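Subject: The structure, and what turned up in it

Hi,

Here is the model I promised to pass on. Please have it open while you read, as the notes below go through it piece by piece.

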Amino acid sequence: MSSQTPEFILFVQHGWADDNRAMLNLASQLAADNALIVAPDLGFVQTWLRIEPLIQMVEKVAFQQLQTYPEAPLRIVGHSMGGLIWIELLHRHRNWWPRVHSLVLVGSPVGGADLGRILDPFGVGLGIAADLGCNRKPMATEIAAVIPTLAIAGDIDGGSDGTVTVNCTRFAYVHYVSIPESHAALRDHPAVAALIRNFWDDFTIGIHTQ
């Protein structure tokens with residue numbers, strides 16, 4: 001792409017035990033030709049280790065793009081752990097907030113994944129499990145009070161998407177929508193793309209949690 005400023009930079013981030021292919025497909029449903037898609041691939045194996053190196057990888061990519069296009073607004077979409085990575089980054093970089101058009105969390109266990117607690121119930125640091133089990137609702141609440149934030153949850157069994165519970169995706173100030181899809185299906189489902197496009201047009205959609 002040329003050095004001309006894109007209409008916006010679309011950061012799409014995959015999560016645990018995944019690569020960036022599904023998120024690239026989702027991005028193709030969202031972004032026009034005049035947008036810049038940035039979809040870091042963190043490496044399948046690395047996503048099983050610890051979250052901090054993954055945060056640093058995305059941070060490095062984000063810094064580069066922000067410097068290259070200092071006038072371009074940011075739109076952020078994270079699936080599962082990808083959403084947690086961006087919550088951490090925005091918490092650390094408040095100076096980015098004025099440039100962020102919106103944040104969309106797709107099946108992200110903001111309150112801490114039950115799977116993480118099961119694998120590492122005492123938080124002693126068993127790989128990625130300890131990181132997934134952390135409660136990031138205070139961080140997310142602070143962000144969502146300023147940046148328009150949408151949480152899309154899957155619900156296939158009356159309370160979870162099969163991996164992440166509905167309850168742990170909700171927090172104060174977020175706009176919340178639930179659809180009957182599994183955790184993996186949420187990554188690039190057309191219904192998810194439609195919800196995101198609608199939210200970009202109208203920040204009032206969904207249930208506003210307070």
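What follows is a short tour, from the overall fold to the rings, the cavity and a few backbone details.

First, the ground rules. This is a predicted model, so local features need pLDDT of at least 70 and side-chain atom pairs count only at pLDDT 80 or more, while totals for chains, interfaces and linings use all residues. Residues are numbered from 1 along each chain as its sequence is written, and side-chain values use heavy atoms, with hydrogens and water left out.

**Overall fold**

The chain has seven helices and seven strands, where helices (H or I, at least four residues) and strands (E, at least two) are DSSP runs numbered from the N terminus. Read from the N terminus, the order is β-α-β-α-β-α-β-α-α-α-β-β-α-β. Along the principal axes, the C-alpha atoms fill a box of roughly 50 × 35 × 30 Å. Of the 210 residues, 53% are buried. Here buried means under 20% relative accessible area, exposed over 50%, and partly exposed in between (1.4 Å probe, protein chains only).

**Aromatic rings**

A pair of aromatic rings is described by the distance of the centres and the angle of the planes. Rings of Phe, Tyr and Trp (its six-membered ring) pair if their centres lie within 6.5 Å; planes under 30 degrees apart count as stacked, over 60 as edge-to-face and the rest as tilted. The structure holds five aromatic pairs. One of them joins F8 and W200 edge-to-face, with 5.6 Å centre to centre and 70 degrees between the planes. F8 lies in the segment before β1 (9–13) and W200 in helix α7 (residues 190–201), so this pair ties together parts that are 192 residues apart in sequence. Both partners are buried: F8 has a relative accessible area of 4%, and W200 has 10%.

The pair of F199 and F203 is tilted, because the ring centres are 5.1 Å apart and the planes stand at 55 degrees. F199 is buried at 0% relative accessible area, whereas F203 is partly exposed at 30%. Ring pairs also link F11, F63, W86 and W96 into a cluster.

A charge sits over a ring if NZ of Lys or CZ of Arg is within 6 Å of the ring centre and within 35 degrees of the ring normal. R75 lies over the face of W200, 4.6 Å from the ring centre, and the charged end of R170 sits over the ring of Y176, 4.2 Å from its centre.

**The cavity**

The cavity is lined by 10 residues, of which S80, A113, L132, T163 and V164 lie nearest its centre. By class, the lining has seven nonpolar, three polar and no charged residues; Ala, Val, Leu, Ile, Met, Phe, Trp, Tyr, Cys and Pro count as nonpolar, Asp, Glu, Lys and Arg as charged, and the others, Gly among them, as polar.

**Backbone details**

Most residues other than glycine have a negative phi. S80, from the cavity lining, has a positive phi of about 55 degrees although it is not a glycine. S80 lies in the loop between β3 (74–79) and α3 and is buried at 8% relative accessibility. A17 also has a positive phi, near 55 degrees; A17 is found in the loop between β1 and α1 (21–30) and is partly exposed at 27%.

Two prolines to finish. P109, in the loop between β4 (100–106) and α4 (114–119), is buried at 2% relative accessible area. P98, in the loop between α3 (81–92) and β4, is exposed at 74%.

Best wishes

Terms used
On a 1 Å grid over the protein atoms alone, a cavity is a set of points where a 1.4 Å probe fits but cannot get out, and a pocket is an open set with protein on both sides within 12 Å along at least five of seven lines; lining residues have an atom within 4 Å of a point.
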